[in-house]
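Colleague: Before we discuss any particular feature, may I ask you to show me the model and take me through how to read it?

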Amino acid sequence: MILECKNLKLGYESKTVISDLSFSLEKGDYLSIIGENGSGKSTLMKTVLGLMKPMSGEIIFSDGLKKNEIGYLPQQTVVQKDFPASVEEVVMSGCLNKKGFHPFYSKSDREKCAYAMKSVGISDLRKKSYRQLSGGQQQRTLLARALCATGKMLLLDEPVTGLDTESENVMYYLINALNKQGITVIMITHDLSAALKYSNKILSVGEENFFGTKEEYLEKFGGEI
């Protein structure tokens, strides 16, 4: 077990968006979170990250995982797309979350950054300005940044939004490859076909929550991979 959520009730102030949610993940699982807009998918992710507190219930990390050791790829904003830094600087900033009061990069940080860039195929772009990259290259840069923060778990919020088909396929390939290396992946997606193709577990949130294997999802809701 690497993550367990027990009887979660999530929301803002007095408004509940998710209730009575329980699920658990093993190391190396690939979970896709699906649901309608406003169903609480991003709220759940922020709660797992510790950016929000659950209204009730608890989240338990195991296997030595800490909140600040989770790699996070948020949905991109217009400001992020125009960020004035080099690819290497953006990727390296993924190491900051674990550094606390020691904001200087170590040799191991630089090695981790080089490995992350190599893992997603952007080593040759390291000195380029982030704002000059294509959408697909920017997402790969942010994936490398998330990878710098973790060797255990990646949280990805709509990682292929706005990308062309070729860039989408590259992102899914890279995420799948990282998962096969043993990194647990939690991905919010609107793309059910991709969820069923790559994930081994599905979490559907809404009026009725569902959590189970891909096969259990297909058995309950129909469809095919």
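This is a predicted model: local features need pLDDT of at least 70, side-chain atom pairs count only at pLDDT 80 or more; totals for chains, interfaces and linings use all residues.

**Reading the backbone and the core**

Modeller: Just after H1, Gly50 has a positive phi, about 85°. Residues are numbered from 1 along each chain as its sequence is written, and side-chain values use heavy atoms, with hydrogens and water left out.

Colleague: Which residues other than glycine have a positive phi?

Modeller: The general idea is that most residues other than glycine have a negative phi. Glu13 has a positive phi, near 50°, and Asp20 has one near 55°. Glu13 lies in the loop between strand E1 (3–12) and strand E2 (15–25), whereas Asp20 lies in strand E2.

Colleague: Are Glu13 and Asp20 buried or exposed?

Modeller: A residue is called buried under 20% relative accessible area, exposed over 50% and partly exposed in between, with a 1.4 Å probe and protein chains only. Glu13 is exposed, because its relative accessible area is 81%. Asp20 is also exposed, because its relative accessibility is 61%. Tyr105, in the loop between H3 and H4, is partly exposed because its relative accessible area is 29%.

Colleague: How many residues of H1 are buried?

Modeller: Helix H1 (residues 41–48) is mostly covered, with 6 of its 8 residues buried. Lys41, Thr43, Leu44, Met45, Thr47 and Val48 are the buried residues in H1. Over the 225 residues of the protein chain, 47% count as buried.

Colleague: What are the overall content and extent of the chain?

Modeller: The protein chain has 8 helices and 9 strands. Its radius of gyration, taken over C-alpha atoms, is 17 Å, close to the 17 Å of the globule rule for 225 residues, so the chain is as compact as a globular protein of that length; the rule is 2.2 Å times the number of residues to the power 0.38. The C-alpha atoms fill a box of roughly 50 × 40 × 30 Å along the principal axes.

Colleague: What share of the contacts joins residues 24 or more positions apart?

Modeller: Contact means heavy atoms within 4.5 Å. Among contacts with a separation of 6 or more, residues 24 or more positions apart account for 67%.

Colleague: Which residues touch the most other members of the largest nonpolar core?

Modeller: In soluble globular proteins, nonpolar side chains tend to be buried together. A nonpolar core is a set of buried Ala, Val, Leu, Ile, Met, Phe, Trp, Tyr and Cys residues joined through side-chain atoms within 4.5 Å. The largest one has 36 residues, of which Val91, Ile122, Leu143 and Leu156 touch the most other members. The elements giving two or more residues to this core include helix H3 (87–92), helix H4 (107–119), helix H5 (135–148) and strand E6 (153–157). H5 provides the largest share, 6 residues. A second, separate core has 25 residues, including Leu8, Leu21, Ile33 and Ile70.

Colleague: Which residues is Val91 in contact with, leaving aside neighbours within four places in sequence?

Modeller: Val91 is in contact with Cys113, Ala116, Met117, Ile122, Thr141, Ala144, Arg145 and Cys148. Thr141, one of these, lies in helix H5 and is buried because its relative accessible area is 0%. Beyond four places in sequence, Thr141 is in contact with Val87, Val90, Val91, Ile122, Tyr130 and Leu133. Thr141 and Val120 are 21 residues apart in sequence and 7.8 Å apart C-alpha to C-alpha.

Colleague: Where is Ile70 placed, and what does Ile70 touch?

Modeller: Ile70 is in strand E5 (residues 70–73) and is buried because its relative accessible area is 3%. Not counting residues up to four places away in sequence, Ile70 touches Val48, Leu49, Phe61, Leu65, Ala149, Thr150, Met153 and Leu155. Ile70 and Met92 are 22 residues apart in sequence and 15 Å apart in space, C-alpha to C-alpha.

Technical notes
Helices (H or I, at least four residues) and strands (E, at least two) are DSSP runs, numbered from the N terminus.
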